[in-house]
Amino acid sequence: MKRNMMEWVDSVLAEKKKKGFLVLSFPAIQKMGITVKDLIASSDLQAQAMKIVAESTPEAAASVSMMDLSLEAEAFGSSVHFSDDEVPTVTGSIVNSEEDADALQVPEIGAGRTQIYVDAIEKAVKLIEDRPVFAGVIGPFSLAGRLMDVSEAMIYCYDEPDMVHTVLEKVTEFIIKYINAYKAVGANGVLVAEPLAGLLSPALEEEFSCEYMKKIVEATQTDDFLVCYHNCGNCTVQQIASIAENGCRVLHFGNAIDMADMLPKVPENIIAMGNIDPAGQFRNGTPESVKAETIRLMEKCASYPNFVPSSGCDIPPLSSWDNIMAFFDGLNEYYGKN
């Protein structure tokens with residue numbers, strides 16, 4: 001369903017009782033009796049999974065597709081490790097020199113599994129009409145890091161900056177095409193995951209991530225299509241002056257930081273989401289601990305009108321649905337007392 005997403009942001013900011021926004025998709029495999037391998041190979045299963053999640057979480061603010069951060073690297077030619085119960089991961093590197101960077105080809109949409117995910121969103125938006133539907137893509141520095149090897153990418157920023165910029169230009173071109181493909185099939189927005197940038201110094205984040213994020217936002221965001229930014233790195237509080245200038249009206253942060261430290265630094269017209277620990281709580285906690293942690297987060301952060309409670313990152317596939325529902329129980333209990 002087409003929506004004015006800038007008006008949606010304004011309406012969320014105006015709500016006194018915020019709906020939870022979970023990065024939640026892969027745990028649908030438990031309700032479907034399938035594996036992660038099954039899910040990532042089928043647009044029909046992905047659309048069904050998103051519908052199941054939406055039906056299971058009627059109080060959620062939005063629907064978010066699979067956050068598979070191997071997808072774009074695979075389209076460029078990277079090797080990917082698959083398993084039945086974990087999200088796919090990139091192995092090795094394909095850019096190890098300036099020559100490799102120069103020779104790197106920007107793939108077309110459809111390379112690897114990209115068309116499967118675009119088709120899934122096209123199907124999902126026809127099944128989910130009561131909330132915005134967001135696709136998921138990787139951010140520019142995080143994709144460049146997977147092509148160059150995550151550890152080496154950090155060093156290259158100092159030793160081979162021109163090579164890093166060459167790769168960033170190419171991955172940014174692809175990400176823009178990929179986001180616009182999602183936009184063309186009806187997505188209401190996209191969540192851009194840029195976790196690797198959260199390990200950089202503020203100056204390096206501005207040079208190697210923010211400038212490319214600005215290009216992505218300028219080329220894709222419109223009134224009816226929202227670009228949201230996710231970064232679960234531990235340096236985001238120090239980077240926020242730059243991050244807040246990337247053009248996104250929704251910023252999503254991980255549990256490596258204290259949201260109470262972040263919120264005073266986020267402009268009031270920008271939504272700041274976060275940050276219940278997806279592994280420590282949703283995957284390995286208990287309903288009691290998730291509920292308690294949610295209430296604790298609300299007590300610290302709900303006084304900020306632009307705060308929206310969320311998971312700190314993508315919720316792992318085998319996370320307990322009792323834990324997931326305890327998040328909403330915590331919100332209901334908090335609002336029942338306030």
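**Ring pairs and pockets, with reasons**

Me: What makes Phe76, Phe174, Tyr178 and Tyr182 a cluster?
Reply: Ring pairs link Phe76, Phe174, Tyr178 and Tyr182. Rings pair if their centres lie within 6.5 Å. Note that this is a predicted model.

Me: How many aromatic pairs does the structure hold?
Reply: Eight aromatic pairs.

Me: Why is the pair of Trp8 and Phe134 called tilted?
Reply: The ring centres of Trp8 and Phe134 are 5.9 Å apart, and the limit for a pair is 6.5 Å. Their planes stand at 55 degrees. Stacked needs under 30 degrees and edge-to-face needs over 60.

Me: What parts of the chain does the pair link?
Reply: Distant ones. Trp8 belongs to helix 1 (residues 5-14) and Phe134 to strand 4 (residues 133-138). The two are 126 residues apart.

Me: Are Trp8 and Phe134 buried or exposed?
Reply: Both Trp8 and Phe134 are buried. That label calls for under 20% relative accessible area.

Me: Why is the pair of Phe327 and Phe328 called edge-to-face?
Reply: The centres of the Phe327 and Phe328 rings are 5.1 Å apart, with planes at 80 degrees. Phe327 and Phe328 are both buried.

Me: What makes Lys31 a charge over the ring of Trp321?
Reply: The charged end of Lys31 is 4.5 Å from the centre of the Trp321 ring. The distance limit is 6 Å, and the charge must also lie within 35 degrees of the ring normal. Lys31 is listed as sitting over the ring, so both conditions hold.

Me: Which residues are closest to the centre of the largest pocket?
Reply: The largest pocket holds about 600 Å³ of space. Of its 29 lining residues, Leu69, Val87, Pro88, Thr89 and Arg146 are closest to the centre. Strand 3 (89-91), helix 8 (140-148), strand 5 (189-193) and helix 14 (278-283) each give two or more residues to the lining. Helix 14 has the largest share, three residues.

Me: How does the lining of the largest pocket divide?
Reply: Into 18 nonpolar, five polar and six charged residues.

Me: What is the volume of the second largest pocket?
Reply: About 160 Å³. Its lining has 15 residues, and those closest to the centre are Trp8, Val12, Glu15, Lys19 and Ala61. Helix 1 gives the most to this lining, with three residues. The lining of the second largest pocket divides into eight nonpolar, one polar and six charged residues.

Methods: Residues numbered from 1 in each chain as written. Predicted model: local features only at pLDDT ≥ 70, side-chain atom pairs only at ≥ 80, totals over all residues. Heavy atoms only, no water. Phe/Tyr/Trp six-rings, centres within 6.5 Å; stacked < 30°, edge-to-face > 60°. Helix = DSSP H or I, 4+ residues; strand = E, 2+ residues; numbered from the N terminus. Buried < 20%, exposed > 50% of the residue type's maximum accessible area, 1.4 Å probe, protein only. 1 Å grid on protein atoms, 1.4 Å probe; cavity = no way out; pocket = protein on both sides within 12 Å on 5 of 7 lines; lining within 4 Å. Points joined across faces, edges and corners; volume = space filled by probe spheres on them. Nonpolar A, V, L, I, M, F, W, Y, C, P; charged D, E, K, R; others polar.
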